[in-house]
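This briefing walks through side-chain contacts, surface features and backbone details, grouped by topic. Please keep the sequence and the model in view while reading.

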Amino acid sequence: MNFQVRIRDELHQNLKEIARNRGISMADIVREALERYLVGRAFAEQGRKLILEGSSHQERTELIIPGFTRKP
């Protein structure tokens with residue numbers, strides 16, 4: 001299935017740069033982003049936290065994404 005998405009010029013430039021730096025297509029970047037979104041959404045719906053952790057495991061930050069609602 002193919003579809004088109006209109007995005008701001010700035011986001012388009014960011015998308016092109018990320019794709020170029022990673023050596024993959026812009027479509028692949030969008031697919032990866034959607035997959036990560038779905039994982040994050042599933043965690044939030046289960047009441048779980050999304051935690052970013054530094055490589056030394058000493059720094060941890062909770063990732064809060066507007067629109068994702070954790071169950072109490």
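With which residue does Arg8 form a salt bridge, and how far apart are the closest N and O atoms? The partner of Arg8 is Glu10, and the closest N and O atoms of the pair are 4.0 Å apart. The model is predicted, and the structure holds 6 salt bridges.

**Salt bridges**

- Arg41 forms a salt bridge with Glu45, with 3.2 Å between the closest N and O atoms; both residues lie in helix 2 (residues 26-45), 4 residues apart, which is about one turn of the helix.
- Arg41 counts as partly exposed at 31% relative accessibility, and Glu45 is partly exposed as well, with a relative accessible area of 42%.
- Arg60 forms a salt bridge with Glu53, the closest N and O atoms being 3.8 Å apart; Arg60 is exposed, with a relative accessible area of 55%, whereas Glu53 counts as partly exposed at 40%.
- Arg22, Glu32 and Arg36 are linked in a network of salt bridges.

**Aromatic rings**

- The charged end of Arg48 sits over the ring of Phe43, at 3.8 Å from the ring centre.
- The count of aromatic pairs, taken as ring centres within 6.5 Å of each other, comes to 0.

**Nonpolar surface**

- Phe3, Val5, Ile7 and Leu11 form a nonpolar patch on the surface, and together they have about 400 Å² of accessible area.
- Val5, one of the patch residues, lies in the segment before helix 1 (9-22) and counts as exposed because its relative accessible area of 55% is over the 50% cut-off.
- Ile64 is found in the segment after strand 2 and is exposed, with a relative accessible area of 68%.
- Ile64 and Leu15 are 49 residues apart in sequence, and their C-alpha atoms are 22 Å apart in space.

**Backbone**

- Helix 1 has 14 residues, which at 1.5 Å a residue should span 20 Å, and this agrees with its end C-alpha atoms, which are 20 Å apart.
- His57 is a residue other than glycine with a positive phi, near 65 degrees; His57 lies in the loop between strand 1 (51-53) and strand 2 (60-62) and is exposed, with a relative accessible area of 55%.

Notes
Residues numbered from 1 in each chain as written. Predicted model: local features only at pLDDT ≥ 70, side-chain atom pairs only at ≥ 80, totals over all residues. Heavy atoms only, no water. Phe/Tyr/Trp six-rings, centres within 6.5 Å; stacked < 30°, edge-to-face > 60°. Lys NZ or Arg CZ within 6 Å of the ring centre and 35° of its normal. Patch = residues over 30% accessible without salt bridge, like charges linked within 9 Å, V, L, I, M, F, W, Y side chains within 5 Å. Areas by Shrake-Rupley, 256 points an atom, 1.4 Å probe, with all protein chains shown as cover. Salt bridge = Lys/Arg side-chain N within 4 Å of Asp/Glu carboxyl O. Helix = DSSP H or I, 4+ residues; strand = E, 2+ residues; numbered from the N terminus. Buried < 20%, exposed > 50% of the residue type's maximum accessible area, 1.4 Å probe, protein only. Expected span 1.5 Å × (residues − 1).
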